[in-house]
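Hi,

Here is the structure I promised to pass on. Have a look at it first, and my notes on its aromatic rings follow below.

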Amino acid sequence: MFTDIETKKKLKGFADLIHPVTIDNFVDEYWEKQVLHIKRDDPEFFSSLFSIDDLDKLLEYSRPRGSSLRVVKSQQPLNPTIYENQDGSLNLNQLYAAYADGYTIVVNEIQRFWDPIKAMIQNTRAFTSHNAVANLYLTPENEKALSPHYDSHDVFALQISGEKHWIVYDDTHFKTPLLHSFQPIFQREQLTGAREITLKAGDIMYIPRGVPHEAYTTDSSSMHITFGVHSTQWLDLITKSLLHLSQTNIELRQALPIGFLNSDIDAVLPPNFEVDFIGILQKALTRESIKGSLTIIGEEFRTKEQPKPDGHFSNLDKLNHITLDSQLRKRDNISSKVTNNVSGARILFQGNTIKGPSQIATTLDFISQQEGAFYVNEIPYLSDENKLKLAKRLVRGGLLKIVS
């Protein structure tokens, strides 16, 4: 399922999504603050990313099921048994019929099924340092899928085809909710400050989390893709700082008293609770603990996302033919980081972690910092034999690919 995003290079990264608004302007004026609507007057702006004609192929060949596919109308989902066959395939005729009857087709985490969207999500993650997922919505004319609600994550709505009319409301009482917290559904009478926005093909809209909104079509169908940004919050930083502290503070690792749910608070808390734990909590806000927290968050961030499929099987076929004159480079959109402690050196990247003795930390640093191609012979601080072993291990593990 290849489209021409790889050759056109029209959309290279996050900055292209919000063009002509600059990154600095977006961060200063809009991020977590207010809705942004960018009109483009360019219906083909997102054509290299996805199109309505691509959806049939995706549904037939990728077979999204379960939570990956929803068919919904006026907040009511259609029973999946209507459009899913027992062998795991989709009954496209039933999906076509549902769409003709006014149902919206929703493909959740569509980046798992479509290469160009996967590339853009990876670029967005890498640039923002926040997790992101993409969902697709195809809505027939004169219909709506969901009632007024807000999302607990930030949303970028990319209008792929047709038009969609949005109503966004005042968010004074709902600003910046906790990520993954309860998302209420509102009656329209409960909301104030209605603002109407029409997205046309090529437009994009940013909606901060906590902004109530709804969307509907009129005399045109609509396909849009949302990039949902699931931010790492300050709460996460402090929580991970406590996790880091727990490695050296046994008090945080000890169990609560047996039967604590059946006891009053005085029986649960130790005599010097306030003194002991306030001291520990203060340590959570030191630079050293915050640094440890960022290390944990960075490791989770890098290993959560799988690399973009890029024909890596063909690299594995060449594994035993690597020589000192072979040229290697990191796979596309791969970021890496090296850590070194008493347990050894590690190089962390999307989908995997490669471990080794502490002595090779500087060697791994060299590889991690490479932005272009390099020869196996250029790998420093190792014998020729160990250069080859490490090169093969990093290709096998998915960090590097063979250029020549």
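A charge counts as sitting over a ring if NZ of Lys or CZ of Arg is within 6 Å of the ring centre and within 35 degrees of the ring normal. The charged end of Arg 125 meets this over the ring of Phe 301, 4.0 Å from its centre. Lys 73 lies over the face of Tyr 103, at 5.8 Å from the ring centre.

Please keep in mind that this is a predicted model, where local features need pLDDT of at least 70, side-chain atom pairs count only at pLDDT 80 or more, and totals for chains, interfaces and linings use all residues. Residues are numbered from 1 along each chain as its sequence is written, and side-chain values use heavy atoms, with hydrogens and water left out.

Now to the ring pairs. Rings of Phe, Tyr and Trp (its six-membered ring) pair if their centres lie within 6.5 Å; planes under 30 degrees apart are stacked, over 60 edge-to-face, and the rest tilted. That rule gives 14 aromatic pairs. In one of them, Trp 31 and Tyr 206 are stacked, 6.0 Å centre to centre with 25° between the planes. Trp 31 is in the loop between helix H3 (23-29) and strand S1 (36-38) and Tyr 206 in strand S8 (residues 204-207), so this pair ties together parts 175 residues apart in sequence (helices, H or I, at least four residues, and strands, E, at least two, are DSSP runs numbered from the N terminus).

Tyr 206 also forms a tilted pair with Phe 156, at 5.0 Å and 40°. Phe 14, Phe 26, Trp 31, Phe 127, Phe 156 and Tyr 206 make up one aromatic cluster.

Best wishes
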